[in-house]
Amino acid sequence: MDKLLNLLCKNAQFSTAELAAMLNEPEDLIKAQIREYESKGIIKGYQAVVNWESMEDSFVEALIELKVTPKKETGFDDIAGMCMAFEEVESVYLMAGVYDLALIVRGQTMQDIGMFVAKKLSTIEGVLSTGTHFIMRRYKDRGMNLADFDDEQDERSLIL
């Protein structure tokens with residue numbers, strides 16, 4: 001895999017000067033490579049990895065599995081496109097295994113997500129079944145550790 005892309009995935013805030021030093025390349029070359037990646041759509045954007053559990057704003061996320069009947073001409077792409085159009089859907093993945101598509105969905109409550117699955121996802125033509133798994137806690141996300149086990153109090157008692 002490309003070393004420049006790996007560094008940007010670890011920290012998109014590295015300056016081009018820092019990237020050039022780490023890769024032992026001229027800064028102009030690094031700037032040009034980044035512009036090329038952006039223009040070709042290889043780099044789609046830059047995002048922060050946020051530990052939402054430490055924020056006061058609350059929401060619920062779920063991983064939803066869809067078993068679908070692919071269309072003859074387009075396979076899974078049409079159904080994936082329909083799923084992507086919903087604002088509640090954060091991510092869509094084609095999977096191998098029992099289910100065909102996996103979605104990450106965000107809502108204000110578990111009931112919101114349940115109603116989204118019942119009224120929107122399950123009614124899409126070609127969706128055979130769904131499986132909903134609520135995300136209770138994120139320990140690691142996109143390579144970043146989110147759980148700080150040292151800060152948590154161990155409330156167990158020592159019995160002698």
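This section describes the helices, sheet, nonpolar cores and selected residues of a predicted model.

The model is predicted, and local features were taken at pLDDT of at least 70, side-chain atom pairs only at pLDDT 80 or more, and totals for chains, interfaces and linings over all residues. Residues are numbered from 1 along each chain as its sequence is written, and side-chain values use heavy atoms, with hydrogens and water left out.

Helices and strands are DSSP runs numbered from the N terminus (helices H or I, at least four residues; strands E, at least two). Helix α1 spans residues 3-10. Its residues Leu4, Leu5, Leu7 and Leu8 are buried. Burial means under 20% relative accessible area; exposed means over 50%, and partly exposed lies in between (1.4 Å probe, protein chains only). The face turned away from the buried side carries the exposed residues Lys3, Cys9 and Lys10. The buried residues of α1 pack against α2 (16-23) and α3 (27-39), where contact means heavy atoms within 4.5 Å. At the start of α1, a side-chain oxygen of Asp2 comes to within 2.8 Å of the backbone nitrogen of Leu4. A polar contact is a pair of N or O atoms within 3.5 Å; within protein, one must be able to donate a hydrogen and the other to accept it, and residues adjacent in sequence count only if both atoms are side-chain atoms.

Strands count as paired if DSSP finds at least two bridges between them. β2 and β3 pair in the antiparallel sense over five bridges. Ser91 stands opposite Ile104 in β3.

The largest nonpolar core has 18 residues. A nonpolar core is a set of buried Ala, Val, Leu, Ile, Met, Phe, Trp, Tyr and Cys residues joined through side-chain atoms within 4.5 Å. Those with the most contacts inside this core are Ile64, Leu66, Cys83, Leu103, Val105, Ile113 and Leu121. Two or more residues each come from β1 (60-68), α4 (77-84), β3 (101-107) and α5 (110-121). The largest share, five residues, comes from β1. Not counting residues up to four places away in sequence, Leu121 touches Ile64, Leu66, Cys83, Phe86, Leu103, Phe116 and Val127. Apart from this core lies another, of eleven residues, among them Leu5, Leu8, Leu19 and Ala20.

Glu61 sits in strand β1. Its relative accessible area is 8%, so Glu61 is buried. Leaving aside neighbours within four places in sequence, Glu61 is in contact with Glu90, Ile104, Val105, Arg106, Ile113, Phe134, Ile135 and Arg138.

Most residues other than glycine have a negative phi. Asn24 has a positive phi, near 55°. Asn24 is placed in the loop between α2 and α3 and is exposed, with a relative accessible area of 70%. Arg142 also has a positive phi, near 50°. Arg142 is in the loop between β5 (140-141) and β6 (144-145). With a relative accessible area of 48%, Arg142 is partly exposed.

Asp112 lies in helix α5 and counts as partly exposed at 39% relative accessibility. A polar atom of its side chain lies 3.3 Å from the backbone nitrogen of Gln108. Asp112 and Met82 are 30 residues apart in sequence and 19 Å apart in space, C-alpha to C-alpha.
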